[in-house]
Every structure is written in C-alpha cells, then in structure tokens.
Amino acid sequence: MHMQDMTDHNEAALAAGRWLFAQTCTFVLGAAGPEQIPDSTLPEVAFAGRSNVGKSSLVNALTGRRTLARVSNTPGRTQQINFFNLGGRLMLADLPGYGFAKAPRDLVEQWTLLTDSYLRGRAPLRRALLLIDARHGLKNTDRKVMTMLNIAAVSYQCVLTKCDKLTDAGLQVTMDTLAVEVSRLGAAHPRIFTTSARVGIGIEALRVELAEIAAA
Ligand code: GDP
C-alpha cells in the first residue's frame with residue numbers, strides 16, 4: 001500500500017469515527033435486572049470498569065455530551081446497565097461499576113448476576129471495553145471480570161483512563177506491564193487504548209475503533 005493510500009484510509013477512518021459520534025445518542029433504558037435487558041439487533045459495545053475509573057466521563061467525551069452518562073462518585077446507588085442508541089448504528093451498554101471497597105455482599109451478588117447474565121446471553125455484543133485507571137493498573141477485581149469475559153467468550157479490549165495524570169514514561173511502564181498480562185489472556189484484544197476524558201487524549205482513536213465495529 002502506498003503512503004498516500006494509508007493517509008486516505010486514515011482520513012476516511014477518522015471521518016467515519018467523527019460521523020458516527022456526531023449522531024444523536026439517546027438513552028434507551030436502564031436494566032436493573034436480567035429480565036429488563038432490552039432485545040436489540042444493533043451491534044453493541046459494552047463499557048466495564050471499577051467504580052470511579054472514569055467510565056461516565058469517557059462515554060460523555062466520546063459522545064460529546066456532558067451529562068449523558070452521569071458522572072457520579074456515589075457508591076451503592078441502583079446498579080443498572082444503561083443502554084444508549086447511537087444513531088441507530090451502535091448500541092452502547094454502560095455496565096455498573098465494580099470493586100467498591102465496602103460493597104455489601106448482596107450488592108456484589110446483584111452486580112455479578114446482572115453482568116454475568118448480560119455477558120452470556122448478548123448475541124449483538126461485539127466487544128467489551130475494560131477501562132483501567134492508568135495510575136493503578138490492573139486490580140484483582142479487573143482480573144475477575146477478565147475471567148468472566150473469557151468464560152462468556154466476549155472479546156474485550158483494555159482502555160487506560162486518566163492518562164493525563166501520568167508522565168509519558170509512567171504511562172509507558174503501565175502499558176508495558178498491562179500488555180504482558182493481556183498477551184497471556186486469550187480473548188483480550190492486543191491493542192490497548194490510552195485515553196483521557198479530561199484533556200481529550202485517545203478519544204478520536206476510540207471513536208474510529210467503535211465506528212469500525214459498528215460497520216462490520
Ligand atoms: P465512573 O464512576 O467510572 O463513571 O467515573 P466518573 O466518570 O464519574 O469519574 C470519576 C472521577 O474521575 C471524577 O472525579 C472525574 O472527574 C475523574 N475523571 C474522569 N475522567 C478523568 C480523566 O480523564 N482525567 C482525570 N484527571 N480525571 C478524570
């Protein structure tokens with residue numbers, strides 16, 4: 001492929017990403033139990049991560065909305081999977097955060113029941129994005145979720161959040177450490193995204209990736 005072709009391809013991919021995320025994004029519903037998960041045939045991407053990882057901020061940054069996914073630090077509020085329809089092309093499923101230090105046992109059980117039944121039975125789910133705070137790296141709860149994803153045969157991809165908090169060198173160390181672990185796990189996509197919702201790092205690249213999933 002000629003250099004010019006590469007450039008054209010990248011321009012087209014960037015444009016496709018921008019176009020998709022310029023479409024209207026509408027809240028479909030919040031499913032608090034497995035029976036409330038809506039039927040859908042749209043290609044779907046799920047967002048998963050520990051509470052406070054920056055998931056709402058990332059969804060808002062991608063869609064260019066400030067308040068679409070609520071940015072909240074309140075632990076223990078009703079756990080639900082929030083579905084957003086992006087222009088009739090892609091469904092975004094915002095999974096409840098996990099990993100509260102003081103989560104009561106029934107909350108953890110509710111999370112597991114809801115998430116597990118979603119992951120196992122979701123035919124249109126193309127990929128799960130596993131968000132990881134770049135400052136903290138993988139935690140054991142993330143590893144448990146990776147295992148759940150593997151068992152459910154859902155292909156997933158790691159996305160580092162809050163990368164503005166690290167120096168380039170610090171970020172490289174985090175990436176390298178994560179890459180080693182990810183390479184050992186079958187269902188994990190090898191490419192790791194680096195993002196910051198706050199300063200806009202990696203948002204366009206992630207839009208391109210999601211537009212490719214929507215178009216596939
Ligand atoms: P969620 O619980 O995963 O939905 O996380 P939120 O989106 O509510 O964010 C949790 C906290 O992290 C909030 O105080 C955000 O302002 C902060 N935060 C989110 N994204 C970023 C980011 O890219 N950089 C920095 N520095 N802080 C962020």
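Mentor: A salt bridge here is a side-chain nitrogen of Lys or Arg within 4 Å of a carboxyl oxygen of Asp or Glu. Keep in mind that this is a predicted model.

Trainee: OK. How many salt bridges turn up in the whole structure?

Mentor: A search of the whole structure gives 10.

Trainee: Start with Glu204. What does its side chain meet?

Mentor: Glu204 meets Arg18 in a salt bridge, at 3.0 Å from N to O. Glu204 belongs to helix α6 (residues 203–215) and Arg18 to helix α1 (residues 3–22), so this pair ties together parts that are 186 residues apart in sequence.

Trainee: And how accessible is Glu204?

Mentor: Glu204 is partly exposed, at a relative accessible area of 30%. Arg18 is partly exposed too, with 44%.

Trainee: Next, Asp94. Which residue does it form a salt bridge with?

Mentor: With Lys55; the closest N and O atoms are 2.5 Å apart. That pair links distant parts of the chain, with Asp94 in strand β4 and Lys55 in helix α2 (residues 55–63), 39 residues apart.

Trainee: Is Asp94 buried or exposed?

Mentor: Asp94 is buried, and Lys55 is buried as well.

Trainee: What about Arg120, where does its partner lie?

Mentor: The partner is Asp116, and the side chains meet at 3.0 Å, N to O. Both residues lie in helix α3 (residues 105–121), four residues apart, about one turn of the helix. Arg120 is exposed, with a relative accessible area of 54%.

Trainee: Which residues do salt bridges with shared partners join into one network?

Mentor: Arg127, Arg191 and Glu209.

Trainee: How many bridges join β1 to β3?

Mentor: Six, between β3 and strand β1 (residues 25–31), and the two run antiparallel. As one of the pairings, Ala31 has Ile81 in β3 as its bridge partner.

Trainee: And from β3 to β4, how many?

Mentor: Five bridges join β3 to strand β4 (residues 90–94), again running antiparallel. Phe83 stands opposite Ala93 in β4.

Technical notes:
Residues are numbered from 1 along each chain as its sequence is written. This is a predicted model: local features need pLDDT of at least 70, side-chain atom pairs count only at pLDDT 80 or more; totals for chains, interfaces and linings use all residues. Side-chain values use heavy atoms; hydrogens and water are left out. Two strands pair if DSSP finds at least two bridges between them. Buried means under 20% relative accessible area, exposed over 50%, partly exposed in between (1.4 Å probe, protein chains only).
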